[in-house]
Amino acid sequence: KILDKMEDNLFLTHFGYVEFDELVDLEKIEEIEKEWVEINKQIAFPVKKDHSLRFRRLGHHNAGGLYFPNAKAVCVDLGSPSSMIHEIMHMIDYTTETDNLSSSYKFRKIINRYRKVTDSLVEKLSEDDLFKTSWNSSNKYNKDYYQSSKEIFARY
């Protein structure tokens, strides 16, 4: 059933290959497919037939989703399908014909505004707030990570 679904699903309208790991809940995939169709009525996502969309467990990566530009693969954790659009935004950023959109001059105003707003919001948190502690740390998910142009673009 899973192999059949890999060859007949609504994501194939945009991706050349779709993968589901052996633990996928096919009913959940059908719900996500319906949401994908509805989202595409509002946002015209690009067709990237040279890319794959892979639903799998990403526990060892400690992430809800990943985009691998060299492999041309969008990976979405089975337990975190909400990360799909974020990772697709990374794909769009990396596959723009000119340069990364996140590095473009036109996006600079958004980056500056985002940084100003997030700095202000984090500053208002109490000193013992766990997010604020992480924000000001040298951990992977700190201020530098969240305020990088690529992350801002994917979250915008």
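Reader: How many salt bridges does the structure hold?

Author: This is a predicted model, in which local features need pLDDT of at least 70 and side-chain atom pairs count only at pLDDT 80 or more, while totals for chains, interfaces and linings use all residues. Residues are numbered from 1 along each chain as its sequence is written, and side-chain values use heavy atoms, with hydrogens and water left out. A salt bridge here is a side-chain nitrogen of Lys or Arg within 4 Å of a carboxyl oxygen of Asp or Glu, and the number in the structure is 11.

Reader: Which residue meets Glu19 in a salt bridge, and how many residues apart in sequence are the parts that the pair ties together?

Author: The side chain of Glu19 meets that of Arg54, with 3.0 Å from N to O. Helices (H or I, at least four residues) and strands (E, at least two) are DSSP runs, numbered from the N terminus. Because Glu19 lies in strand 1 (residues 15-20) and Arg54 in strand 2 (residues 48-56), the pair ties together parts whose separation in sequence is 35 residues.

Reader: Is Glu19 buried or exposed?

Author: The terms rest on relative accessible area, found with a 1.4 Å probe and protein chains only: buried means under 20%, exposed over 50%, and partly exposed in between. Arg54, at 23%, is partly exposed. Glu19 has a relative accessibility of 12%, so Glu19 counts as buried.

Reader: Which residue forms a salt bridge with Asp21, and where does that partner lie?

Author: The closest N and O atoms of the Asp21 salt bridge are 2.9 Å apart, and the partner is Arg57. Asp21 lies in the loop between strand 1 and helix 2 (26-42), so the pair ties together parts 36 residues apart in sequence, Arg57 being in the loop between strand 2 and strand 3.

Reader: Arg57 forms a salt bridge with Glu22; what is the relative accessible area of Glu22?

Author: In this salt bridge the closest N and O atoms are 2.8 Å apart. Arg57 is partly exposed, at 44%. Glu22 is exposed, and its relative accessible area is 55%.

Reader: Which element gives the most residues to the lining of the largest pocket?

Author: On a 1 Å grid over the protein atoms alone, a pocket is an open set of points where a 1.4 Å probe fits, with protein on both sides within 12 Å along at least five of seven lines, and lining residues have an atom within 4 Å of a point. The largest pocket is lined by 18 residues, with Gly65, His86, Glu87, Tyr145 and Glu151 lying nearest its centre. Two or more lining residues come from each of strand 3 (65-68), helix 3 (84-94) and helix 7 (149-155). The element that gives the most, with 4 residues, is helix 3.

Reader: How many residues of helix 3 are buried?

Author: Helix 3 is mostly covered, and its buried residues include His86 and Glu87. Of the 11 residues in helix 3, the number buried is 9.

Reader: Which side chain is joined to that of Gln147 by a polar contact?

Author: Gln147 sits in the loop between helix 6 (143-146) and helix 7, and is buried at 7% relative accessible area. A polar contact is a pair of N or O atoms within 3.5 Å; within protein, one must be able to donate a hydrogen and the other to accept it, and residues adjacent in sequence count only if both atoms are side-chain atoms. At 2.9 Å, the side chain joined to that of Gln147 belongs to Asp119.
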